[in-house]
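Hello,

Here is the structure I promised to pass on. Please have it open while you read, and my notes on what turned up in it follow below.

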Amino acid sequence: MTGRESADEQPPATETLAFLTRPGLTRLWTAARTRLERNGLQPAGSIRLEHLDAQEREALSLLLARPITDTTTTIRLPDLDTRLRTSAVGRGLASTLEELGPSLTNRRAVRDAAAAERARVWSAAQTEVEVTSLSAQPWTAQWLQEIRRGGTLARQDPNTAATVITQAVRTLAMLFPGTAPRSRAATWGRGELATRATGSAHGLDDGTLLSRLVLRGIALAHGVELPADAPARRALWRTASVTPDEVSSTVLTYALRPTGGTWREAALRERADHHMETHVTLRELRTLRPKMPPGTHVHVCENPHVVEAAADTGRTAPMVCTSGSATTVVLTLLDVLAASGCTFAYHGDFDWPGIALANRIMHRYGAEPWRMRAADYEYLATRTQVRGTPQIALTGPSAEAVWDAELAPAMNALGIALHEEAALDLLLEDLG
C-alpha cells in the first residue's frame, strides 16, 4: 500500500478495493465510521483498537506503512486520512468509507437539524398562542411547559408535532375565547369541535394525542388533576361545555321495570312486558335514571347471547349485559341501579379475561357469583367432555377469583376454557 507517482505503477482499483475489504481491517473501518459520524464527518481525534490478532496487525501494518506489533494500537484519524490520500487509495477517510459503504451519516448535523426543528415547533406554538385568546389565560404558559417537559410531542415527527400543537392551541382558544381564566363559548359537540379544529370528526376521540393535550389545558384552566379514566375524562370535557359522543356506545338490558311515570320508564316496562331487549345509550342515562323497585335482584352476564336466549324463552328476571367488557355506559347503568338499591348476581366466561372482568364487577358492586364457583366450573367442564364438545384450551396468565379461592386452581388443573354458552341452560333456569 505504498504511494506510487506513476499511473501505470498504481494497482488496479479492484486490487485496492480487495485490500481495503480484507477481514483484518473490518474493526478499523467500523470504529473510524463511528467516530467520523460523531465528528460531523471530519477526520479528527483518535480511535483505539484492542486485542488485535495477527491478521489485523498485518493488515494495519500494510495500510499504515508502519509496523503494528502490539495487540493494542491508537490511530489518529488525521494521520489515517493523510495516509489514505497519499496511498494507492487516493482519497480521504470519509470518501473511502463511503466507497466501502454504507453511506455515512452526519449525526451531528442530524442532531442539530432535529434540535432546530423542535425549536421551530415550540416557536410556532408560542406564536400561535400569542395571536389567540389564550395569550390572556394565566394557565397557558404552564400548559406549554408541561407539554414540552413531558416529551410526548418531541417523540413525534416535526410536521406531526407542529400540526398537533397548533390544533390544540386553536381548540383551546375556541373553548376559552375570552380573557377570564374560565371564559368559554357555547356548548360544543365533541365531534363538531373536532371537525372545526382538525377537519375530522374523530380528531378529538379518546386516546388521541390531541385530546390529551386539550384535556391537559382544560384541567389547568379549572385547577383540577388530569383525569385517569374515561368517565372522568367525559366529566372534564363537560366542564369546558363540550358534550362527548354519548350515543354510539350502548348497554344491553332486558326486563328492566323501573318505577316512575315518564314515557322513558313506561317504554322500558312495555318492552319488558313484551320480552324485548333494550339498548340504552349513555345520553339516555343522563336523563333516564331508572329506579327499580327496592330489593330488585339484577342478573349481569357477559355474553349478549344469554340475553337473546332469555328473551326467546320469555324469562322475567331483569338483566344487564357487559358485552365482554365493562365500558363506561355499562358501569354508569350499574352505578344507577346500585344507587337505587338493586343487588346483583354475575356470570361470565370461565377464562382468565372472564375472571378478571368478574373480579371487577364483584368488587365494585358486591355482586354474588352466579354459577361461577369451582364446583360449577368442574361440572360444566366434565359435561362438555362427556358430550364430546370440542375443548378450548385455557391460555394466558391466570387470575385469582376474589369470590372463590378454589376456582383458579381448578381451572389450571383442567386447562379448559368455558364460554358462557356452556352454562346457558342452567342460567335460563335461574332467570324465572
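A search of the whole structure, which is a predicted model, turns up 13 salt bridges. Opposite charges on side chains can pair when the charged atoms come close. Three of these pairs are worth a visit.

Start with Arg107 and Glu37, whose closest N and O atoms are 3.1 Å apart. This pair links distant parts of the chain, since Arg107 is in helix α6 (residues 107-130) and Glu37 in helix α2 (residues 26-38), 70 residues apart. Are the two partners buried or exposed? Arg107 is partly exposed, at 41% relative accessible area, whereas Glu37 has 7% and counts as buried.

Next, look at Arg170 and Glu128, which meet in a salt bridge at 2.9 Å, N to O. Arg170 is partly exposed, with a relative accessible area of 44%, while Glu128 is buried at 16%.

Asp81 and Arg85 both lie in helix α4 (residues 77-86), four residues apart, which is about one turn of the helix. Their closest N and O atoms are 2.9 Å apart. Asp81 counts as buried because its relative accessibility of 10% is under 20%, and Arg85 counts as exposed because its 51% is over 50%.

Taking charge over the whole protein chain, there are 46 positive and 49 negative side chains. The centres of the two sets lie 8 Å apart.

One more arginine to look at is Arg233, in helix α11 (residues 230-239). Leaving aside residues up to four places away in sequence, Arg233 touches Asp206, Leu215, Pro227 and Ala228. From Arg233 to Arg212 is 21 residues in sequence and 9.6 Å in space, C-alpha to C-alpha.

Now for the backbone. Most peptide bonds are trans, and most residues other than glycine have a negative phi. Where does the model have a cis peptide bond? One runs from Gly101 to Pro102, with omega near -5 degrees. Pro102 is in the loop between α5 (93-100) and α6.

Two serines have a positive phi. For Ser241 the value is about 65 degrees; this residue lies in the loop between α11 and β4 (242-243) and is buried, with 11% relative accessibility. For Ser323 phi is near 55 degrees. Ser323 lies in the loop between β8 (319-321) and α15 (328-339) and is partly exposed at 42%.

Finally, the overall picture. The protein chain has 19 helices and 12 strands. Along the principal axes, the C-alpha atoms fill a box of roughly 105 × 70 × 35 Å. Of the 432 residues, 44% are buried. The accessible surface is about 21,400 Å², and carbon and sulfur atoms account for 51% of that. Among contacts between residues at least 6 apart in sequence, 66% join residues at least 24 apart.

Note on methods:
Residues numbered from 1 in each chain as written. Predicted model: local features only at pLDDT ≥ 70, side-chain atom pairs only at ≥ 80, totals over all residues. Heavy atoms only, no water. Buried < 20%, exposed > 50% of the residue type's maximum accessible area, 1.4 Å probe, protein only. Contact = heavy atoms within 4.5 Å. Areas by Shrake-Rupley, 256 points an atom, 1.4 Å probe, with all protein chains shown as cover. Lys, Arg positive; Asp, Glu negative; His and termini not counted. Charge placed at Lys NZ, Arg CZ, Asp CG, Glu CD. Salt bridge = Lys/Arg side-chain N within 4 Å of Asp/Glu carboxyl O.
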